Amino acid sequence: MAAGGANAARHVAIIMDGNGRWAKKRALPRALGHKRGVEAVRTLVRSLEDTEIECLTLYAFSSENWKRPEDEVDDLMNLMRSFIKSDLPEFIENGVRLEIVGDWQALAPDIVEMLEDALHRTAGGKRTVAVALNYGSQQEIARAAQLAANEGPVTVDAIERHLHTVDLPPLDLLIRTSGEVRLSNFLLWQAAYAEMLFLDVLWPDFTPDHLKDALARFASRERRYGGR
Ligand code: IPE
Ligand code: IPE
Ligand code: MG
């Protein structure tokens with residue numbers, strides 16, 4: 001168990017960026033970059049038991065990623081299918097509870113069915129891995145505001161009750177790999193007081209040691225929430 005105590009991050013989210021550049025640097029097809037990206041996810045999820053993280057949220061496919069060429073979108077969807085098939089037993093065995101955030105019901109029917117089954121079979125897990133699929137934060141906030149308005153006054157609490165992340169702990173730390181310094185429509189509301197780290201490493205090269213280093217950096221930060 002990593003040191004951290006009161007300064008341990010409960011909820012960490014990662015914008016897993018840089019698969020394409022990882023492949024390009026090696027003159028490999030982009031699809032291989034995405035494949036190696038999935039391997040980095042697998043290794044990272046296995047390493048969670050050495051941390052105090054209760055929830056890891058991973059940005060896997062944004063609502064804007066549909067703009068990519070059809071063959072790349074197909075590759076990403078096929079990776080999703082094979083990842084669920086290959087890794088679901090391990091999730092169950094290791095007590096990992098799967099959550100999905102985003103408009104995932106709009107994905108291909110066979111993926112929706114696989115995800116429903118995976119959600120059901122991992123429901124008893126103690127540690128959460130939330131995967132953001134067909135996720136866009138602006139869309140999430142607009143939907144939550146509309147649902148809140150249908151019920152009564154549109155307050156901060158009322159909006160939060162309708163966000164996809166309602167069952168997750170408050171976001172502590174947001175990491176983006178690949179050197180880009182932007183949020184790309186990810187957890188805009190939830191990041192209000194999250195600490196942020198923008199790392200130069202490309203996602204397929206991200207290891208559990210990078211996460212441990214990020215957690216140590218998080219633990220040394222002073223969070224103020226507007227106070228003093
Ligand atoms: C992240 O890697 C994976 C997804 C967005 C699905 P990219 O494919 O965005 O890789 P770069 O940013 O082009 O290097
Ligand atoms: C954000 O990365 C989405 C995911 C990592 C899934 P993008 O590569 O899509 O973001 P932009 O286009 O560089 O902002
Ligand atoms: Mg990218």
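**Figure 1. Exposed residues of helix α5 in the predicted model.** Gln138 and Asn150 are exposed, on the other side of α5 from Ser137, Glu140, Ala144 and Ala148, which are buried. Buried denotes under 20% relative accessible area, exposed over 50%, and partly exposed in between (1.4 Å probe, protein chains only). Helices (H or I, at least four residues) and strands (E, at least two) are DSSP runs, numbered from the N terminus. This is a predicted model, in which local features need pLDDT of at least 70, side-chain atom pairs count only at pLDDT 80 or more, and totals for chains, interfaces and linings use all residues. Residues are numbered from 1 along each chain as its sequence is written, and side-chain values use heavy atoms, with hydrogens and water left out.

**Figure 2. The buried face of α5 and its cover.** In α5, Ser137, Glu140, Ala144 and Ala148 are buried. Seen down the helix axis, the buried residues of α5 fall within an arc of 65 degrees (taken from the directions from the axis to the C-beta atoms), so they line one face of the helix. Their cover includes β4 (127-135) and α6 (156-161), where contact means heavy atoms within 4.5 Å.

Figure 3. Leu119 belongs to α4 (residues 109-121) and is partly exposed, with a relative accessible area of 22%. Neighbours within four places in sequence aside, Leu119 is in contact with Leu98, Glu99, Ile100 and Trp104. Leu119 and Gln139 are 20 residues apart in sequence and 23 Å apart in space, C-alpha to C-alpha.

Notes
Chains lettered and ligands numbered in written order.
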